[in-house]
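Dear colleague,

Please find the structure below, handed over for your records. My notes on its pockets, cores and aromatic rings follow it.

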Amino acid sequence: MDALLAWLADTALAEWVRLSRWGYATVNALHVLGIALLIGAIAALDLRLLGWRKRFPLWELGRLLQPVAVAGLLLAMTTGGMLFLADPNGYAAMPLFRLKLALIALALANALLLNLGPGLANATPRQLLVAGTLSLLLWPAVLLAGRFLAFTNG
């Protein structure tokens, strides 16, 4: 694992993120944009899963918001990987970073279980309630864990 982390730290992309005048700042700004798209779309959809604004058909709202959430997730994951390259050994050693990754995995599993299982159109009200509640707990926890990473040294 140490060899992989050392190799990642020595890549040209890692060097650019670390040393470029605007590299880290640009990647970080794009990471925040991805998170905003993800959390904004997911929060609106989750609130509907919990029963708010029932006049909006769930499947239509899902068709509108899920692509935005996926785009935000892909942007956040891509730029998050680039930010990781700035200090792979440091991040890998942080329990908070590992917790963040575990929370992301749980949040993704929650979304996949709903969408690859019954789907928005066929899920029971209880399934929607559970999925929405878990999502509203997990994604902000990911956000907070990521934000706290800036203020921890391990």
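The lining of the largest pocket draws at least two residues from each of H3, H4, H6 and H8. Helices here are DSSP runs of H or I with at least four residues, numbered from the N terminus. A pocket is an open set of points on a 1 Å grid over the protein atoms alone, where a 1.4 Å probe fits, with protein on both sides within 12 Å along at least five of seven lines; lining residues have an atom within 4 Å of a point.

Please note that this is a predicted model, in which local features need pLDDT of at least 70 and side-chain atom pairs count only at pLDDT 80 or more, while totals for chains, interfaces and linings use all residues. Residues are numbered from 1 along each chain as its sequence is written, and side-chain values use heavy atoms, with hydrogens and water left out.

The space in the largest pocket is about 720 Å³, a volume being the space filled by probe spheres set on grid points joined across faces, edges and corners. Its lining has 26 residues, and His31, Ile35, Leu83, Lys100 and Gly146 lie nearest the centre. By class, 19 are nonpolar, 5 polar and 2 charged (nonpolar: Ala, Val, Leu, Ile, Met, Phe, Trp, Tyr, Cys and Pro; charged: Asp, Glu, Lys and Arg; polar: the others, Gly among them).

The second largest pocket holds about 380 Å³. It is lined by 22 residues, with Ile42, Gln66, Ala111, Leu112 and Asn115 closest to its centre. H6 gives the largest share of this lining, 8 residues.

The largest nonpolar core comprises 23 residues, and Leu38, Leu49, Leu58, Leu114, Leu120, Leu128 and Trp139 have the most contacts inside it. Such a core is a set of buried Ala, Val, Leu, Ile, Met, Phe, Trp, Tyr and Cys residues joined through side-chain atoms within 4.5 Å, where buried means under 20% relative accessible area with a 1.4 Å probe, protein chains only. Two or more of its residues come from each of H3 (23–49), H4 (58–85), H6 (95–116) and H8 (125–149). Another core, of 9 residues, lies apart from it and includes Leu85, Tyr91, Met94 and Leu149.

There are 3 aromatic pairs (ring centres of Phe, Tyr or the six-membered ring of Trp within 6.5 Å; stacked under 30 degrees, edge-to-face over 60, the rest tilted). Tyr91 and Phe97 form a tilted pair, 5.5 Å centre to centre with 40 degrees between the planes. Ring pairs join Phe84, Tyr91 and Phe97 in a cluster.

Terms used. Buried < 20%, exposed > 50% of the residue type's maximum accessible area, 1.4 Å probe, protein only.
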